[in-house]
Amino acid sequence: MSTQSEAWMAAARLVRRTGFGAIGSTVDAVVSGGHPAYLASIVSPTPDPGVTATPLPTFAAIPPAAKNASRDEKVKRNDQRRQQVEALTAWWIRRMVAVHDPFTERITFGWHNHFATAATKVRSAPELATQNESLRRLGRGDFRTLAQAMLVDAAMLYWLDGQKNTVKGANENLSREFMELFALGHGDGYTETDVREGARALTGWRIMPDGRTVLRPKLHDNTTKTVLGVTGNLNQSGYCDAVLGRPASASYVCGRWYGQLVSDTSPDAATLARLVSAYGPTRDLAAMFTAIYTDASFARAANTIVAGPVEWLIGAVRALKLPVPDDAAAKKLAAILRGLGQLPFYPPNVSGWPAGHAWLSTAAAELRLQAAATLVNGGNISFVTTAGVNDRVDAAGYLLGIGNFSDRTAAVLKPLAVNPPQLVAAALNSPEYLVH
């Protein structure tokens, strides 16, 4: 077996962590053009033919059920809502596959995991789609703008009961989760009083029938509050600024993204300080992402990220050039993701999906093997089949952006070289593909 250079494998790691999987030709281009040029090209979005080919669908309005609606009418309405969410999920899968530059979708999915909102409760495809577009549009700007948008987002308000939050009865869910999971983390010393005062600041927002959100002044607590030491007649903007003004907020946001893109192990103090410095007082997300990918810790962090099901499946589909021309094809992929436990728009709770070795269970391995065989049968593995038998293991590695296989993995793969579909399916389930 041949082994790619260290430079090639470092480029492959960069490609995988800025998108979904990798293929050898893309890695070659990064090696040739250099990491800075590649990062500059993806951090600043440009028109993408794959985006044009997969426009966001529009969804017909589903009116609220009448008070005297029959059981059959309620069932029909629920079926319509379910079908719309299925269509939205299928669309995002097709978009992930189709884009030429997957960084935007990778980051959007990361924000979906950060501001986790699930269709199990929010059964409105238009509201979920609006949130998804907000995450995509704002996910490389400044975190304050993104956080402010999420505080008054219809899907988020419904998910965390913000639409029930009034001056006569404050609901603390959104205030609490914003501090604990979205902006500060567990260890910043905020109190139950801060949570309650924050809830008062967030009162009065309502979701309109068309999905817009509006502030109803009569339902808003228009009196003085104190949140994290900031006192005033705070509204959602003042509340957001009070939370993001805490020094721990920058460390928390940068640390969470480090966990998604670099390593399951938290960054050391010096590394985190560099990322926070790049993020800066303007909370610049594009600068933070660039700092993450160019930090010395990223270069050292080989074999520290376990590919979640979305990354694994979308990466395989893209590498195999498997056609996903319509919703019917995308729904087959959605069924695989549901079985593996990571279907877009269905995070298990407000904390998002688990990470790391949680994805490497025996049950998941069996499902991945079955799925890989199906994907390979429908995909293009001509690069492997046209190689000589003795070169096919290396060809499979190049096809999947793997620079080298361990001796143990190679011993498993070599006997499969006479059967290219089995070889590629096995390579998709190798430790080298699952952990990078």
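How many of the eight residues of helix α21 are buried? Let us find out, with one caution at the start: this is a predicted model, in which local features need pLDDT of at least 70 and side-chain atom pairs count only at pLDDT 80 or more, while totals for chains, interfaces and linings use all residues. Residues are numbered from 1 along each chain as its sequence is written, and side-chain values use heavy atoms, with hydrogens and water left out.

Helix α21 spans residues 392–399, and six of its eight residues are buried, so the helix is mostly covered (buried means under 20% relative accessible area, exposed over 50%, and partly exposed in between, using a 1.4 Å probe and protein chains only). Helix names here follow DSSP runs, numbered from the N terminus: helices are H or I runs of at least four residues, and strands are E runs of at least two. The buried residues of α21 are Arg-392, Val-393, Ala-395, Ala-396, Gly-397 and Leu-399. Their cover includes α2 (24–33), α17, α20 (382–385), α22 (407–413) and α23 (420–428). After α21 comes Gly-401, with a positive phi near 70 degrees.

Next, look at a pair of helices. Helix α5 (residues 71–98) packs against helix α6 (residues 103–114) at an angle of about 140 degrees, and their axes are 10 Å apart. That angle makes α5 oblique to α6 (under 35 degrees counts as roughly parallel, over 145 as roughly antiparallel, 65 to 115 as roughly perpendicular, and the rest as oblique). The axes are lines fitted to C-alpha atoms, for helices over the stretch in contact, and angles run from 0 to 180 degrees between N-to-C directions. On the α5 side, Trp-92, Arg-95 and Met-96 make the contact, and on the α6 side Glu-105, Thr-108, Phe-109 and His-112 do; contact means heavy atoms within 4.5 Å.

Trp-353 sits in the loop between α18 (327–340) and α19 (362–378). Its relative accessibility is 7%, and therefore Trp-353 counts as buried.

Asn-165 counts as buried because its relative accessibility is 3%. Among the residues it touches are Ala-199, Leu-202, Arg-206 and Leu-219.

Now for the open spaces. Rolling a probe the size of a water molecule over the atoms shows where empty space is left. On a 1 Å grid over the protein atoms alone, a pocket is an open set of points where a 1.4 Å probe fits, with protein on both sides within 12 Å along at least five of seven lines; lining residues have an atom within 4 Å of a point.

The largest pocket holds about 690 Å³ of space, a volume being the space filled by probe spheres set on the points, which are joined across faces, edges and corners. Its lining has 26 residues, with Ile-62, Ser-124, Glu-127, Met-208 and Pro-209 nearest the centre. Helix α7 gives the largest share of that lining, four residues.

The second largest pocket holds about 530 Å³. Of its 27 lining residues, Asn-113, Gly-259, Gln-260, Asp-264 and Ala-355 lie nearest the centre. At least two lining residues come from each of α6, α13 (247–261) and α17 (309–319), and α13 supplies the largest share, six residues.

Notes. Lists of a residue's contacts leave out its neighbours within four places in sequence.
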